[in-house]
Amino acid sequence: MTSLTIRNLRKSYGALEVLRGINIEARPGEFVALVGPSGCGKSTLLSMIAGLESITSGDILIGDRVVNQVPPKDRDIAMVFQSYALYPTMTVQENITFGMESRKVPKAEQMQALARVAQLLQIEPLLKRRPAQLSGGQRQRVAMGRALVRDPALFLFDEPLSNLDAKLRVEMRSEIKKLHQRVGKTTIYVTHDQVEAMTLASRIAVMHKGELQQFAEPQTIYDRPDNKFVAGFMGAAP
Ligand code: ADP
Ligand code: MG
C-alpha cells in the first residue's frame, strides 16, 4: 500500500487558473473523496495524478517518489472514468485481459489475475458474455475489473457512477465500499454527489474554483464546515 501526496499543485490553461495550489495527502490504503461543483477542477487534478495532464507547478508523490515527470504507464495507477467504454466485440473476459494481452503477460498469469478479479467482483458467470448482454451495473463492474486486474498501487475514479440510475448508483456505492474494504488500495474518488462522498470516504477534499476549501473527515466536514461554501455544498449546518 502506498501514500499519495499532492503538494502545492497548480494548473493553468493559458490565462485560466484551474488549480490554485492544492495540498492533499492520502494515507496508505485510504479512501479520499474529491468533491465540488462542476468545473472546479476535479477531473484536471485526477488527470494530473494519472500523468495525463502536465503540471504547471507543485509536486505529486506516490509513496516517497516524485512522479511529476513519470509517464502514465509507469505510475502504477488504474483509473475508472465516468464514460467507461468496453470493447463491444470482445467478451467480458477479453475486455479484462486485453491490457495484459498487449503487454504480453504470460497466459497462465493472465488467467490467474482474471480469476482473482472475477471472484472479487462476482462476475464469474458473465465472463463469456459481450457488453451488449450486460446490465449497466454489470458493465460498470467489468470496467472496474479492467482497472483491478492490473493490481495497481493507486486507484483513481472519476464519477464512475454518474451514468447509472439512482437505484443502481446506491447498489454500486456499497459494492465499491465492500471492494475497498477487501482490497484496501489507496483510492481517490471524484464525485459531485455529497452522499456518495460521505458514505465512502475516510476523508473528503472539498474544492471550489480551483481551491481546496476543506480536507477533513466526513463528520468534521458536516459538524464543523470551515466556511459557508463547504456548509452549503455539503448540506451541513453553517
Ligand atoms: P470538474 O471535473 O471539476 O468538473 P474540470 O477539471 O473538468 O472540472 O475543469 C476545470 C476547469 O478547467 C473548467 O473551467 C474547464 O473548462 C477547464 N479545462 C479543463 N480542461 C481544459 C483544457 N484542456 N483546456 C482549457 N481549459 C480546460
Ligand atoms: Mg469532471
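The protein chain averages a pLDDT of 92, and 98% of its residues score at least 70; pLDDT is the predictor's confidence in each residue, from 0 to 100. For the complex, the predictor gives an ipTM of 0.98 and a pTM of 0.90. This is a predicted model, where local features need pLDDT of at least 70, side-chain atom pairs count only at pLDDT 80 or more, and totals for chains, interfaces and linings use all residues. Residues are numbered from 1 along each chain as its sequence is written, while chains are lettered from A and ligands numbered from 1 in the order in which they are written.

Now for the sheet. Four strands make up an open, antiparallel sheet, ordered S2-S1-S4-S5. (Strands are DSSP E runs of at least two residues and helices are H or I runs of at least four, numbered from the N terminus; two strands pair if DSSP finds at least two bridges between them.) Strands S2 (16–26) and S5 (65–66) sit at the edges with a single partner strand each, so one side of each has no neighbour in the sheet. S5 pairs with S4 (residues 57–62) in the antiparallel sense, over two bridges, and there isoleucine 62 stands opposite arginine 65 of S5.

On to ligand 1. Its surroundings include Tyr13, Leu16, Val18, Lys42, Ser43 and Thr44, where near means a C-beta atom, placed from the backbone, within 6 Å. S2 and helix H1 (42–50) are the elements giving two or more residues to this shell, and H1 gives the most, with three. By class, the shell has four nonpolar, six polar and one charged residues. Here Ala, Val, Leu, Ile, Met, Phe, Trp, Tyr, Cys and Pro count as nonpolar, Asp, Glu, Lys and Arg as charged, and the others, Gly among them, as polar.
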